[in-house]
Amino acid sequence: MASPRVTLFLSIPFMIIGFLLSRSPFMMTSVSPSKPWADGPMKLITTPQFQTRKTDIFTSGATHMALLHNSILRGYNSIYHQAPLLLEQDKADFIGYALAWYRFVKSHHDDEEASLFTKVEELLQDKTVFEETHHEHESFLAGLAEFEKYLSGLQSPADFSADELLRIMGTFQEPFENHFHSEISTIAKFSEHPNAPKEGTPENTAAAATFKAWGKSTVTKAGVTDVVPFFLLNLDRTVEDGMWANWPPMPAPIKWGLINLAGAFHSGWWKFASCDANGQPQELWAYRAAAIKAQKEEQAKA
């Protein structure tokens, strides 16, 4: 018979997993949206592949970028709608959620500038293809930095001001939305570039591998316990006739673990996400919390 010490040691992994599961997004209840949702005020992007049914590497690359961008846009919209409705007890988690969005955007921008753009320029043998995109990046970075500075500089969650956050968001909303749409069109049009690799060539295969490798690494290296759950919990699997229900392609247990085990580390943040653990759109938490509070107040009066 195993000693109590050995039994305790063997039970520790199960205790840890049980604790994480109790905090995972999978355990959170969700409600279908009935109020303003995360599809505005920033407009979401229709993917080039859904629009055109083309499958060349640049249409596919632009499509996968659009899906990633839409997660970021839903994130922005979910912050925009919920900030004015926060209950006092939710402010700390909301600040964590909003800063995870910032880290997602900043890492995405930095990774494009440092890696993806250079590789595409080399592929097309053209250093000018992202000139306009570089300018677009510069147009919203100052506002994005102010967003992070304000939230990180709060002495206490109680000091949070929805009016101030929305003011800051308003300073970069238009150029941010313009860029996130424009970049998709820019990448999709590379299929018409005179140096675009032809289907079936080694260059085309290598280029496809480049897009795939970049897409695989750009989110995970930004943060497995914050940015990855943020990305996956703002990814609507129902859009475009369910065409992207299994995107990004990865084994189901891995995706489940990234959402529910990695997501458990900051479990309180994910109630603000636009989608549930199954990728279904859900009523934004701040609306639900306000309704629950109002109901309790009515019951107290009765």
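In this predicted model, phenylalanine 176 is in contact with Met42, Ile72, Leu73, Trp101, Val105 and Phe140, when residues up to four places away in sequence are not counted. Phe176 also belongs to the largest nonpolar core, which comprises 71 residues, and it is one of the members that touch the most others, together with Trp101, Phe147, Leu151, Phe160 and Leu165. Two or more residues of this core come from each of the helices α3, α4 (91-124), α5 (131-152), α6 (162-188), α7 (202-220), α8 (227-232) and α10 (252-260), and among these elements α4 gives the most, with 14 residues. Apart from this core lies another one, formed by 5 residues, which include Trp37, Ala38, Leu284 and Tyr287.

Rolling a probe the size of a water molecule over the atoms shows where empty space is left. When the whole structure is searched, 1 cavity of 30 Å³ or more is found, and the space within the largest cavity amounts to about 60 Å³. The lining of the largest cavity is made up of Leu67, Asn70, Arg74, Leu235, Asp236, Arg237, Val239, Trp244 and Trp247, and by class these residues divide into 5 nonpolar, 1 polar and 3 charged.

Conventions: Residues numbered from 1 in each chain as written. Predicted model: local features only at pLDDT ≥ 70, side-chain atom pairs only at ≥ 80, totals over all residues. Heavy atoms only, no water. 1 Å grid on protein atoms, 1.4 Å probe; cavity = no way out; pocket = protein on both sides within 12 Å on 5 of 7 lines; lining within 4 Å. Points joined across faces, edges and corners; volume = space filled by probe spheres on them. Nonpolar A, V, L, I, M, F, W, Y, C, P; charged D, E, K, R; others polar. Core = buried A, V, L, I, M, F, W, Y, C linked by side-chain atoms within 4.5 Å. Buried < 20%, exposed > 50% of the residue type's maximum accessible area, 1.4 Å probe, protein only. Helix = DSSP H or I, 4+ residues; strand = E, 2+ residues; numbered from the N terminus. Contact = heavy atoms within 4.5 Å.
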